[in-house]
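These are my notebook entries on what I looked up in this structure. I kept them in the order in which I worked.

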Amino acid sequence: MTLALFTVSTDLTMLFIAQPAIGADLRPGVTEALWIVHVGEFLAASLAITMGRLGDRLGRKRLLVYGMTGYGAASLIAAYAPNVETLIGARALIGLSTAAITPSAIALLRSMFPDAGQFTRAFSILMAAFTAGMAFGPPLGGFLVDRFWWGAVFLACVPAAVILLAVAPWTLPEFRDDRRVRLDPLSIALSVIAVMGLIYGVQQASGGTVEAHHVAIALTGVAAGYAFIRRQRILAHPLLDLSLLGSREVRIALPAVFLVLVAFAGPDVLIAPFLQIGLELTAVQAGLVLFVPAAVTVPVTLVTPRLKRRLGSRAAMILSLAIAIVGLITAALSLLAAGKTTVLVVLIVGLVLVGAGAPVITLLSELLVASAPLQRSGSMGALRDLGSTLGSATGIALVGTVGALAYRNTLTTPTTLGNAEAEAAVDSPGAAVDVMAQLDGGTRETFLASVTESMGLSLQAGLGIAGVICLGVLLLIAVGVRDVPGTEPESLPTEAETA
């Protein structure tokens, strides 16, 4: 299962690195390029609830195996995609498979480790594998693209799928709900429309401009979500059992997961461009800088069980958030330092501290999965995935929009630029770099300084928002979460119940 989650989490981060090579080879349009990146994420999030419930019914091991089969086949198709349409289709299949893999793997832990201490350690190992994949994705993707071709980032996932398919049937136990109930097609359709509409709407806003059709799609998602909830209330066997949201822990932990991902994922959209434009690092150097804080999250996630045992869940979450807040403040203050080297060093220290706050995500996720009845742990794992995906998308949209506004309102363009070039420079730091070629030496340096300053201010605004959100979550957990034995996993069902 760690192999499955490590492989799945490397997929998107490797794709980011492969984008320029894909663009040069297949020449996708702007809209097609966005779909290559986001179609898998959209489908994985929109089908998470359905797949979680399907795993409860069909069997979690079986769904995990089916998911990895589809993932390996889709990755093979993507690696040798001859055109954009084929690649988008393969990415859609990868997203569908991912929706089956992650909730199944998390839910299987409940049946494999009924002991609370073992469950905590196993869950931390699984989260560490997922985090490691996110950390190693960019350097691994860069190596594969440089040495081979862009399809290698997809082809590298196939051996992992083959290994899992060879081993999983003989090593993993099976568990499923003993009630055989037909899934409601209308509920599935409403959940997909709701999640895809919301994610699309908030992600499109990350460019800093909101158009009418973006709002319309987001509102359609909200309406579908409302209809979905209403329908679940009247069904005898709903797709999403709303009683899962009845406990105090879930009502606190689910929004907390969402908000933490808003805070942790949001600044990422501003950090990488600042490293490359503001600090003049190459893409490889920027990738290595970002690898450092990402790699820190792996060992701190592995020590989460010990942290929980020493302090208790609530205190451990509060400590993790406090460290992350200190890191966000440090990263924001680094932009006030003199000299690019000093800025870079202090920024890395701040980002490392943010990475050291990763145990809060593991502890909140464990609290959610452990609070659900054993027969519904797949559905709760799916809700956890949905909350984190929506949080990441909202964070990118929120921080990206605020950062774009800060950049546009503080940038000073040279008077020698034409109106079209000046407008392009104000819209995007990347465009600002392009137009610098038209300027003479002194004016170019002055304009670069203005771009760097504006990007720094936008990044400070994003880090500040993330810090405020983390502080709010800290207070929410301090007031709302209790260290009680009620979150301990249930005992395993009998063989008759799992037959």
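I looked up Cys470 and noted it as buried, because its relative accessibility is 1%, where buried means under 20% relative accessible area, exposed over 50% and partly exposed in between, with a 1.4 Å probe and protein chains only. Cys157 is likewise buried, because it also comes to 1%. I then looked for disulfides, taken as pairs of cysteine sulfur atoms within 2.5 Å, and the count was 0.

I noted for all entries that this is a predicted model, in which local features need pLDDT of at least 70 and side-chain atom pairs count only at pLDDT 80 or more, while totals for chains, interfaces and linings use all residues. Residues are numbered from 1 along each chain as its sequence is written, and side-chain values use heavy atoms, with hydrogens and water left out.

Next I looked up Val296, which lies in helix 13, residues 283–302 (helices are DSSP runs of H or I with at least four residues, numbered from the N terminus). I recorded Val296 as partly exposed, because its relative accessibility is 21%. Leaving aside residues up to four places away in sequence, Val296 touches Val352 and Ala356, contact meaning heavy atoms within 4.5 Å. I also checked Val296 against Ala132: they are 164 residues apart in sequence, and their C-alpha atoms are 9.2 Å apart in space.

Notes
Helix = DSSP H or I, 4+ residues; strand = E, 2+ residues; numbered from the N terminus.
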